[in-house]
Amino acid sequence: MDAAHIARELRIGLSRLRRKLREVSSLDELTPSQTSVLSRLMDGPKGTSDLAVLEGVRPQSMAATVAALEERGYVTRSQDPEDGRRQLLALTDEAHAYVADNRSVRESWLAAALKERYTAEERAKIAEALKLLERLTDR
């Protein structure tokens, strides 16, 4: 099959899945950029410039995203213990609970849908395809 055709079908399929996962959770109140930043900060505190690099956006764009999250009470700032000129962003307890709850809801829906709509053999094929798809994002 033609790579361009596969690329189109993959993009469409992933977009539909992303929309469905957003439907089953309450993440609709956040933008995709805000949601991604919360997920990045689940791994621990990071600087705004670090987040900008990870997300592939300009620091000014990341600053706007972070400001919106701060307004919601999801992000706090603190001095970097290794570099006093730098500030680190971290999730509040409320944000940790929010992200964890939403992840749980989405994963539960997805697990139930996989079990209901696919055989064990088909789920194994999906797992194999996921391994192949990981190479798309390897740097």
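Modeller: A helix here is a DSSP run of H or I with at least four residues, and helices are numbered from the N terminus. Keep in mind that this is a predicted model.

Colleague: Where do glutamate 128 and lysine 131 lie?

Modeller: Both are in helix 6, residues 120-137. They sit three residues apart, about one turn of the helix.

Colleague: What makes glutamate 128 and lysine 131 a salt bridge?

Modeller: Their closest N and O atoms are 3.4 Å apart. The cut-off is within 4 Å, so the pair counts as a salt bridge.

Colleague: Why is lysine 131 called exposed?

Modeller: Lysine 131 has 52% relative accessibility. Exposed means over 50%, so the word applies.

Colleague: What links glutamate 23 to lysine 20?

Modeller: A salt bridge, with the closest N and O atoms 3.6 Å apart. Glutamate 23 is exposed at 56%, while lysine 20 is partly exposed at 33%.

Colleague: How do you know that glutamate 9 and arginine 8 meet in a salt bridge?

Modeller: The N to O distance is 3.1 Å. Again the limit is 4 Å, so this pair passes. Glutamate 9 is at 39% relative accessibility and arginine 8 at 47%.

Colleague: How many salt bridges does the structure hold?

Modeller: Ten. Some join up: Asp50, Asp80 and Arg86 are linked in a network of salt bridges.

Colleague: What makes the pair of tyrosine 74 and tyrosine 98 stacked?

Modeller: A search of the whole structure finds one aromatic pair. In that pair, tyrosine 74 and tyrosine 98 are 5.1 Å apart, centre to centre, with 25 degrees between the planes.

Colleague: Which parts does the pair tie together?

Modeller: Tyrosine 74 is in the loop between helix 4 and strand 1, and tyrosine 98 is in helix 5, so the pair ties together parts 24 residues apart in sequence. Both tyrosines are buried.

Colleague: Which residues have the most contacts inside the largest nonpolar core?

Modeller: Leu38, Leu41, Leu51, Leu69, Tyr74 and Val75, in a core of 16 residues. Helix 2, helix 3, helix 4, strand 2 and helix 5 each supply at least two of the core's residues. Take leucine 51: leaving aside neighbours within four places in sequence, its contacts include Val37, Leu41, Met62, Val66 and Leu89.

Colleague: How do you know that strand 1 and strand 2 pair?

Modeller: Six bridges join them. Pairing needs at least two bridges, so they qualify. The strands run antiparallel, and serine 78 stands opposite leucine 88 in strand 2. A hairpin joins the strands through two residues.

Colleague: Where is confidence lowest, and where is it highest?

Modeller: It is lowest in strand 2, at a mean of 90, and highest in helix 4, at 96. The mean pLDDT of the chain is 92, and 97% of its residues reach 70 or more.

How values were computed:
Residues are numbered from 1 along each chain as its sequence is written. This is a predicted model: local features need pLDDT of at least 70, side-chain atom pairs count only at pLDDT 80 or more; totals for chains, interfaces and linings use all residues. Side-chain values use heavy atoms; hydrogens and water are left out. A salt bridge is a side-chain nitrogen of Lys or Arg within 4 Å of a carboxyl oxygen of Asp or Glu. Buried means under 20% relative accessible area, exposed over 50%, partly exposed in between (1.4 Å probe, protein chains only). A nonpolar core is a set of buried Ala, Val, Leu, Ile, Met, Phe, Trp, Tyr and Cys residues joined through side-chain atoms within 4.5 Å. Contact means heavy atoms within 4.5 Å. Rings of Phe, Tyr and Trp (its six-membered ring) pair if their centres lie within 6.5 Å; planes under 30 degrees apart count as stacked, over 60 as edge-to-face and the rest as tilted. pLDDT is the predictor's confidence in each residue, from 0 to 100.
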